[in-house]
Amino acid sequence: MQKSLYIYENLKEAFEYLCSSWLRYYPTQSTIDDANVILAASSFLFDNLFAKENAGREITAAAAKDLGAAFRPRALSEMATKIRLGMSADDVSKGGTHLRDYIQWVAEEHPVVLDALKDDYGLLVIATAEEVASLIVTENKDCRAPVEVAELTLLNIAQAYYLCYKEFFGATFLRNPSAPFFQDLEEEMDRINKEIAN
């Protein structure tokens, strides 16, 4: 399986887990479809930026299968462009969205989160999580407080990507500037998973 398709499947699982176990709500089919567009577009960018396997056709086919009658090829390319434009460390640092404001707030006492802004590995995660969090907050207003949705979305999307980064790139990934963010994330995920289990 191509790396980007593997990413896409992992991101879909992360979204499902985020909704059912962390946010405890069940999204509408429309929300799931919109999320799959975001996740497929993010996977396409992963292929373009890192994997270089020319997997655009395969990602499009996988998304078309998931979306069925709701599939629109143009929506994927538009979302990929939107995520790519959102991968700006300067823009994230300015705040102005639930996720960006959350990052600024956390960074005051936990500055390692800002390491995610130091390379495209981290910025792809942030831009993807921002789109997913915005979708949930917009389409499911009664779900949770927006800042909580932003936090939990970032944690789940980042973990899904981190597991794949480690699997694909091994120890060399840990030499990237964003690596401390991802390593710190593992500890936070362990803590929250224990809380959920209790």
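In which helix is the place of Asp33? Asp33 sits in helix 2, helices being DSSP runs of H or I with at least four residues, numbered from the N terminus. The model is predicted, so local features need pLDDT of at least 70 and side-chain atom pairs count only at pLDDT 80 or more, while totals for chains, interfaces and linings use all residues. Residues are numbered from 1 along each chain as its sequence is written, and side-chain values use heavy atoms, with hydrogens and water left out.

Asp33 is buried yet lacks a salt bridge. Buried means under 20% relative accessible area, exposed over 50% and partly exposed in between, with a 1.4 Å probe and protein chains only. A salt bridge requires a side-chain nitrogen of Lys or Arg within 4 Å of a carboxyl oxygen of Asp or Glu. The nearest side chain of opposite charge to Asp33 is Lys12, 10 Å away; Lys and Arg count as positive and Asp and Glu as negative, with His and the chain ends not counted. Leaving aside residues up to four places away in sequence, Asp33 touches Asp66, Leu67 and Ala70, contact being heavy atoms within 4.5 Å.

**Pockets**

A pocket is an open set of points on a 1 Å grid over the protein atoms alone, where a 1.4 Å probe fits, with protein on both sides within 12 Å along at least five of seven lines; lining residues have an atom within 4 Å of a point. A volume is the space filled by probe spheres set on the points.

| Largest | about 270 Å³ | 16 residues |

Closest to the centre of the largest pocket are Asp34, Ile38, Met79, Leu135 and Glu139. Helix 2 (29–51), helix 4 (73–86) and helix 7 (120–139) each supply at least two residues of its lining.

Helix 6 (98–107), helix 8 (146–169) and helix 9 (179–197) each contribute at least two lining residues, and helix 9 gives the largest share, five residues.

**Positive phi in two loops**

Most residues other than glycine have a negative phi. Arg24, in the loop between helix 1 (3–23) and helix 2, has a positive phi near 55°. Arg24 counts as exposed because its relative accessibility is 56%. Asn54, in the loop between helix 2 and helix 3 (56–67), also has a positive phi, about 55°. Asn54 is exposed, with a relative accessible area of 71%.
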